[in-house]
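Please keep the sequence and the structure open while reading.

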There are 2 protein chains.
Amino acid sequence: MKDGPDIARIASLIGDPARANMLTALMAGKALTASELAQEAGITLQTASSHLRKLELGGLLQPLRQGRHKYFSLANEEVAQTLEALMGLAANVGLLRTRPGPKDKALREARVCYNHLAGNMGTRLFDSLVSRGFLRLADDEISLTSSGAIFVQEFGIDLGQLRAGRSRLCRRCLDWSERRSHLAGSLGRALFTRIEELGWAARDRESRVVTFTPHGRAAFNKLLGHQEAI
Amino acid sequence: MKDGPDIARIASLIGDPARANMLTALMAGKALTASELAQEAGITLQTASSHLRKLELGGLLQPLRQGRHKYFSLANEEVAQTLEALMGLAANVGLLRTRPGPKDKALREARVCYNHLAGNMGTRLFDSLVSRGFLRLADDEISLTSSGAIFVQEFGIDLGQLRAGRSRLCRRCLDWSERRSHLAGSLGRALFTRIEELGWAARDRESRVVTFTPHGRAAFNKLLGHQEAI
DNA sequence: GTGATGCTTCGATTAGCATCGAAGCATGAA
DNA sequence: TTCATGCTTCGATGCTAATCGAAGCATCAC
């Protein structure tokens, strides 16, 4: 009864609506200031400050002071993955906060998840990389094969720089809407950044929705090696 | 801000200490009655009843009436996996409920996780099955290869019966102490049941700890194809 | 039937915590 | 320096929810 980690503490941290809203907002991957998070959660700055303090002490957020601003982001990918798992459960029970509307459909199609691509487009990307032998799966470790390295560099990604960073290159992240994996890790982030650079897709300003241009969608499909019928 | 699933509702369900204790107790995989869960959580039966109602409505528990008893178990494996993810986060931040003692060490070595084997022994089993080509990993789908099927049946498992059941044969489950996958799904449960049948290991009565006999440990290692030095 | 056991419902109490106004304290701009 | 902006701390308020006693309602044993 009293062995094992104390899940109640962190679950109750996530369990407050205001804090949950902040965390959800941070799932987009951008660091946000205390004021922005307060607005996101619909509370005053004082209240937000108190919440942020708790989240920080609980190890869920990583703060960064810059002048008189204080930026917050999720502490690490494990936090993001746990939040996705909770979203999966919530979606399962039908606890969607809004009626499934156009926004919801767009979210399921493509969204940003801690700076990498999620939703249908995300899992399709992952599947394609695996089936073409660019990613190898062994236990939880995902690794980039040599042919995968070539593919990625031809797509315009500086692999050396990624490998020099201290965060893991490849990770899997369970997608709550698709219920399968998509690619996370620094490579996942780099791929999505490159897709943005190429102008194939753009993030919505106020949500996690990612919108592909018609051309971008076609190019993306071609990249995956699919015959395309728009 | 208000798109996506409502994680606050379920997180707050898990976030109450009494409910978290009940859920943790149910991670052992056995169905428990309301009274047993009340005792597990250290609260009266009335209070427990109210909590259990909420967990049931929230889709986290699956009730089963039997006469004047009401048995509860976790609703599905997704719930168990989310709880493991939360345990991982909690352990990360150092939120262990007790000082790491002998019990904790035993938990990390081998424990039961929703009726399958977890901890160091669990991940070693998984690794061995994968590296010997008995399990194939493709995206999130894990499948048993034909050589794997032979291996499993030689171990004394009725594969036909498992396949007839409606729950998935193979699943991965992220281990909070090892931070890697072990095998879940009906096959994972069957393997552990068989290990119990053979007398290789036994569950602790009051915790999730699994204790291997010296002979059982040796046999287990031999099963994994390891040279054994006790 | 009677009594015992297991669970649920009701009602009252209590404690914890989210909330915000007001004041304090930095940082940056003029 | 003076003022504005962004965040934190303090204190008071109010609401929510956990808790348990007591009563109610099934089920089982006899």
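## Lining of the largest cavity

In this predicted model, α10(A) gives the most to the lining of the largest cavity, supplying four residues. Each of the elements β5 (116-118), α7 (120-131), β9 (181-184) and α10 (185-197) of chain A supplies at least two residues of that lining. The residues that line the largest cavity are A:His116, A:Leu117, A:Gly122, A:Leu125, A:His182, A:Leu183, A:Gly188, A:Leu191, A:Phe192 and A:Ile195.

Sorted by class, the lining of the largest cavity holds six nonpolar and four polar residues, and no charged residues. The volume of the largest cavity is about 70 Å³, and the count of cavities of 30 Å³ or more comes to four.

## Surface near DNA strand C

DNA strand C is surrounded by 20 residues, and the closest of them are A:Gln46, A:His51 and A:Lys54 together with B:Ser35 and B:Ser49. By class, the residues of the surface near DNA strand C comprise ten polar, six charged and four nonpolar.

At least two residues of this surface come from each of α2 (17-26) and α4 (45-57) in chain A, and likewise from each of α3 (34-41), α4 (45-57) and β3 (69-74) in chain B. The element that gives the most to the surface near DNA strand C is α4(A), with four residues.

## Sugar, phosphate and base contacts

Among the atoms of DNA strand C within 4 Å of the protein, 67% belong to sugar or phosphate, while the rest belong to bases.

## Domains of chain A

The domain assignment divides chain A into domain 1 (7-75) and domain 2 (79-223). The C-alpha centres of domain 1 of chain A and domain 2 of chain A lie 24 Å apart, and the contact between them takes 13 residues from domain 1 of chain A and 13 residues from domain 2 of chain A.

Notes
Residues are numbered from 1 along each chain as its sequence is written. Chains are lettered from A and ligands numbered from 1 in the order in which they are written. This is a predicted model: local features need pLDDT of at least 70, side-chain atom pairs count only at pLDDT 80 or more; totals for chains, interfaces and linings use all residues. Side-chain values use heavy atoms; hydrogens and water are left out. On a 1 Å grid over the protein atoms alone, a cavity is a set of points where a 1.4 Å probe fits but cannot get out, and a pocket is an open set with protein on both sides within 12 Å along at least five of seven lines; lining residues have an atom within 4 Å of a point. Grid points are joined across faces, edges and corners, and a volume is the space filled by probe spheres set on the points. Ala, Val, Leu, Ile, Met, Phe, Trp, Tyr, Cys and Pro count as nonpolar, Asp, Glu, Lys and Arg as charged, and the others, Gly among them, as polar. A residue is near a molecule or strand if one of its heavy atoms lies within 4 Å of it. Domain bounds come from an automatic or database domain assignment. Contact means heavy atoms within 4.5 Å.
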